[in-house]
Amino acid sequence: MTKKKPNIEESWYKVLKEEFDKDYFAQLKTFLVEEKKKSTIYPPSNQIFAAFDSTPFDQVKVIILGQDPYHDANQAHGLCFSVNAGIKHPPSLRNIFKEIESDLGIPYPKSGCLTPWTKQGVLLINATLTVRAHQAGSHQKKGWEQFTDAVIKKLSEQKLNLVFLLWGNFAISKSALIDQSKHHILTTVHPSPLSAHRGFLGSKHFSKTNLLLSQNGLAPIDWRVEN
């Protein structure tokens, strides 16, 4: 029986094909099938790989790494920190927008949907790509982290002059997967209200990212979000 090809953007499929063929990924798929029988899973199935579909491999310039999708209704849509338009902004996203306003003078937006960033080469991935409704962290250590670690390694190996924004200890731990002689890493505390005042607010990561891109002959990111 031939394996069903995952529903992911073609350039990413080519890069990650060997991961999809590994035993851990088959076990992860089995786990998700069973989970869906008894629970609601976020984001919806057709949005699990939304970050990859929005930002093809050859277009990636910047990576923002989250940990887990939002776990309440209508929030998660496959992009880390982002919520669907019309949904109340979660606390970490509010601090992200506050920092962009402080750093670049871009007014705080109505929409919390970060899709406009992805169209410019900003890959917004969580380390874990699914979650059970209302149970934070419920799909951790099921295989997703092995998959997304492979994503980071492939980007590090096959690209040049990427900017990685690693916020909080979990994200910063992924520095070990990145060739720092080829890429740029900006680190600070997580934008959560528990820690944002200890360095995220005032970090100027958005203007620093654009400076690094410009220095490498790449177009800077327009960090505005549609209202």
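**Ground rules**

I am working on a predicted model, so I asked for pLDDT of at least 70 for local features and pLDDT 80 or more for side-chain atom pairs, while totals for chains, interfaces and linings use all residues. Residues are numbered from 1 along each chain as its sequence is written, and side-chain values use heavy atoms, with hydrogens and water left out.

**Entry: helix 1**

I started with helix 1, residues 10–20. For burial I used relative accessible area with a 1.4 Å probe and protein chains only: buried is under 20%, exposed over 50%, and partly exposed in between. The buried residues here are Ser11, Trp12, Tyr13, Val15, Leu16, Glu19 and Phe20. I then asked what they pack against, with contact meaning heavy atoms within 4.5 Å. They pack against helix 2, helix 3, strand 3 (122–126) and helix 6.

**Entry: aromatic rings**

How many aromatic pairs does a search of the whole structure find? I got 21. My rule pairs rings of Phe, Tyr and Trp (its six-membered ring) if their centres lie within 6.5 Å; planes under 30 degrees apart are stacked, over 60 edge-to-face, and the rest tilted.

Phenylalanine 25 and tryptophan 144 make an edge-to-face pair, 6.1 Å centre to centre with 80° between the planes. Since phenylalanine 25 lies in helix 2 and tryptophan 144 in helix 6, the pair ties together parts 119 residues apart in sequence. I checked burial too: phenylalanine 25 is buried at 5% relative accessible area, and tryptophan 144 is buried at 2%.

Phenylalanine 25 also pairs with phenylalanine 147, and that pair is tilted, at 5.4 Å centre to centre and 50° between the planes. Phenylalanine 147 is buried, at 0%.

**Entry: histidine 139**

Is histidine 139 buried or exposed? It is buried, at 0% relative accessibility, and it sits in the loop between strand 4 and helix 6. Leaving out residues up to four places away in sequence, histidine 139 touches Phe31, Leu32, Glu35, Ile41, Thr128, Thr130, Val131, Arg132 and Trp144. I also noted that a polar atom of its side chain lies 3.5 Å from the backbone nitrogen of valine 131.

The peptide bond from tyrosine 42 to proline 43 is cis, with omega near -10°. Proline 43 is in the loop between strand 1 (41–42) and helix 3 (50–54).

Lysine 141 has phi near 60°; its place is the loop between strand 4 (131–132) and helix 6 (144–158), and it is exposed at 74%. Asparagine 161 has phi of about 60°; it lies in the loop between helix 6 and strand 5 (163–167) and is partly exposed at 21%.

**Entry: pockets and a cavity**

I searched a 1 Å grid over the protein atoms alone: a cavity is a set of points where a 1.4 Å probe fits but cannot get out, a pocket is an open set with protein on both sides within 12 Å along at least five of seven lines, and lining residues have an atom within 4 Å of a point. Points are joined across faces, edges and corners, and a volume is the space filled by probe spheres set on them.

The largest pocket holds about 450 Å³. It has 16 lining residues, and Pro6, Asn7, Lys29, Ile48 and Phe49 are the closest to its centre. Helix 2 (residues 23–38) gives the largest share of that lining, five residues.

The second largest pocket holds about 300 Å³. Of its 17 lining residues, Gln67, Asp68, Pro69, Tyr70 and Asn126 are the closest to its centre.

I counted one cavity of 30 Å³ or more, and the largest cavity has a volume of about 40 Å³. Its lining is Phe97, Ile100, Ile106, Pro107, Tyr108, Pro109, Trp223, Arg224 and Val225.

Technical notes: Helix = DSSP H or I, 4+ residues; strand = E, 2+ residues; numbered from the N terminus. Polar contact = N/O pair within 3.5 Å; in protein donor to acceptor, adjacent residues only side chain to side chain.
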